[in-house]
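This report describes a protein chain for a reader who is new to structural analysis. Please keep the sequence and the 3D view at hand while reading.

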Amino acid sequence: MVDRAEARRIAAEGWIYGFPMLMNYRTMYKQAIDVDDPRYVGGFGRFRHYAEPFTPHDIDVTLPNSDTPFSWAWLAVRTEPYVLTVPAIDRYYVLPFHDLDTSYIGFVGSRATGKGPGTYLIAGPDWDRSTPEGVDQVFRADSYLVGVLGRTYLAGPGDVKALRAVQRSYDLRPLHTYLGTVPPPAVSHPHWPAWREDVLDSVEFFTYLDFLLHFFPVLPSEKGIRDRLASIGVDGGGSFSPSPELREALEQGIADGRDALEQADSSPDHSASWFGTRAQHGDDYLTRAVGVDKGLYGLPPEEAFYAGWLKDSEGDRPDGSRKDYVIHFPAGRLPPVRFFWSATMYHLPERLLVENPIDRYSIGDHTPGLVYDDDGGLTLYVQRDRPAEGPSNWLPAPDGPFVIVIRMYGPAPEALSGEWRIPRLTPR
């Protein structure tokens with residue numbers, strides 16, 4: 001039995017460790033379990049595609065991305081793997097598979113596997129059979145629950161029909177269907193606890209974590225933290241029931257964990273990559289939690305580089321009601337990418353798209369009519385009202401505070417190394 005001080009330390013560490021799992025479960029419950037939720041995708045083992053670009057009326061996702069509409073799916077791989085087959089695809093796409101704790105286990109798409117056709121198997125921790133004929137690559141999950149949030153490039157409203165055809169070509173099926181064999185014996189369905197927002201900051205957090213760890217066998221690299229969690233009753237057995245004395249220590253530890261996350265969120269020194277594989281993060285559970293808190297299911301930097309303008313060149317928070325701004329990319333210093341880039345406007349504090357008279361929510365190298373400077377540079381006008389220069393290079397701003405996020409798909413090495421940096425947001 002641990003003492004109260006030790007229980008508090010374990011609770012703080014365990015809250016950081018478990019935060020990505022609960023946030024992932026929050027999404028999975030709405031999409032794959034709760035049939036009454038409008039976001040329900042149809043259960044496990046099937047895609048639900050979204051072909052229409054996001055607009056300011058879409059408020060379910062913060063920092064929405066209108067360049068690459070989503071394809072959602074959830075897999076339960078305890079009884080057998082799933083097989084994904086894709087045809088040749090001549091546009092940017094990525095289907096990134098992640099574990100229960102949001103660590104990525106594999107990527108299918110333009111960067112990772114190329115434009116050609118392919119067949120990929122997503123297997124659970126216990127699957128030990130030989131690779132079936134015709135499968136190009138096996139992605140091994142560390143948990144029995146796997147998610148995928150796919151992105152496929154959309155050129156604009158006129159491209160929706162073609163995009164839908166590409167999305168429908170993503171073929172996902174259980175292994176027995178792929179092989180044409182009998183299905184494996186069924187397993188009993190768990191009693192999924194209904195999601196409640198207040199769970200994150202209550203001792204019940206550990207009740208949910210105890211339930212979820214049942215789907216996550218102990219990894220050798222995580223034996224230490226799993227043993228410490230087990231010492232306070234969170235062992236994956238589903239019977240967590242703390243005593244009143246332990247409950248008080250856990251409440252204090254949860255507050256400590258929340259404080260640590262908020263401090264890391266705002267710290268300029270916390271510069272590690274927020275999104276990545278288990279090998280990339282190692283035992284840096286705080287970085288993974290920061291990524292989940294800042295942008296759940298964000299892509300790792302080798303796939304998509306994220307940067308943005310939180311302040312202008314004078315150190316102030318950008319505000320469309322007070323100033324007009326310019327972003328100038330000098331000649332030869334445009335965002336270096338293999339695929340494409342875009343800059344998206346969000347109003348604060350909601351971090352949602354900005355309604356505007358030209359229905360433009362982002363601007364980038366694929367924006368129709370974009371006008372480059374005579375020397376090959378690029379000047380963007382960021383303001384609330386239509387600029388005198390015309391709308392071609394206008395990124396409309398809200399009547400209030402905002403943030404701009406730039407996304408670079410297939411970033412060049414100079415972007416990842418820091419040799420290339422975004423220009424300043426300069427008041428006009």
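## Charges over rings

Arg 111 lies over the face of Phe 107, at 5.5 Å from the ring centre. A charge is said to sit over a ring if NZ of Lys or CZ of Arg is within 6 Å of the ring centre and within 35 degrees of the ring normal. Arg 78 is likewise placed over the face of Tyr 144, at 4.2 Å from the ring centre.

The model is predicted: local features need pLDDT of at least 70, side-chain atom pairs count only at pLDDT 80 or more, and totals for chains, interfaces and linings use all residues. Residues are numbered from 1 along each chain as its sequence is written, and side-chain values use heavy atoms, with hydrogens and water left out.

## The chain as a whole

The protein chain contains nine helices and 17 strands. Helices (H or I, at least four residues) and strands (E, at least two) are DSSP runs, numbered from the N terminus. The C-alpha trace spans about 70 × 55 × 40 Å along its principal axes. For 428 residues, a compact globule would have a radius of gyration near 22 Å, and the 23 Å of the protein chain agrees with this. That radius is taken over C-alpha atoms, and the globule rule is 2.2 Å times the number of residues to the power 0.38.

Of the 428 residues, 53% count as buried. Buried means under 20% relative accessible area, exposed means over 50%, and partly exposed lies in between (1.4 Å probe, protein chains only). Among contacts between residues at least 6 apart in sequence, 72% join residues at least 24 apart; a contact means heavy atoms within 4.5 Å.

## Salt bridges

How many salt bridges does a search of the whole structure find? The search finds 27. A salt bridge is a side-chain nitrogen of Lys or Arg within 4 Å of a carboxyl oxygen of Asp or Glu.

| Salt bridge | N to O distance |
|---|---|
| Arg 4 and Glu 248 | 3.0 Å |
| Arg 258 and Asp 201 | 3.2 Å |
| Glu 314 and Lys 323 | 3.0 Å |

The side chains of Arg 4 and Glu 248 meet in one of these bridges. This pair links distant parts of the chain, with Arg 4 in helix α1 (residues 4-33) and Glu 248 in helix α6 (residues 244-266), 244 residues apart. Arg 4 is partly exposed at 44% relative accessible area, and Glu 248 is partly exposed at 38%.

Arg 258 forms its salt bridge with Asp 201. Arg 258 lies in helix α6 and Asp 201 in the loop between α3 (175-179) and α4 (204-212), so the pair ties together parts that are 57 residues apart in sequence. Arg 258 counts as buried at 18% relative accessibility, whereas Asp 201 counts as partly exposed at 49%.

## Aromatic residues

The structure holds 32 aromatic pairs. Rings of Phe, Tyr and Trp (its six-membered ring) pair if their centres lie within 6.5 Å; planes under 30 degrees apart count as stacked, over 60 as edge-to-face and the rest as tilted. Phe 329 and Trp 341 form a tilted pair, 5.5 Å centre to centre with 50 degrees between the planes. Phe 329 belongs to strand β11 (residues 325-329) and Trp 341 to strand β12 (residues 337-347). Phe 329 is buried at 1% relative accessible area, and Trp 341 is buried at 3%.

Where does Tyr 92 lie? Tyr 92 is in the loop between β3 (82-86) and β4 (93-98), and counts as buried at 5% relative accessibility. The side chain of Tyr 92 makes a polar contact with the side chain of Glu 303 at 2.6 Å. A polar contact is a pair of N or O atoms within 3.5 Å; within protein, one must be able to donate a hydrogen and the other to accept it, and residues adjacent in sequence count only if both atoms are side-chain atoms.

## Backbone details

Most residues other than glycine have a negative phi, and most peptide bonds are trans. Thr 102, although not a glycine, has a positive phi of about 80 degrees. The peptide bond from Leu 348 to Pro 349 is cis, with omega near 10 degrees.
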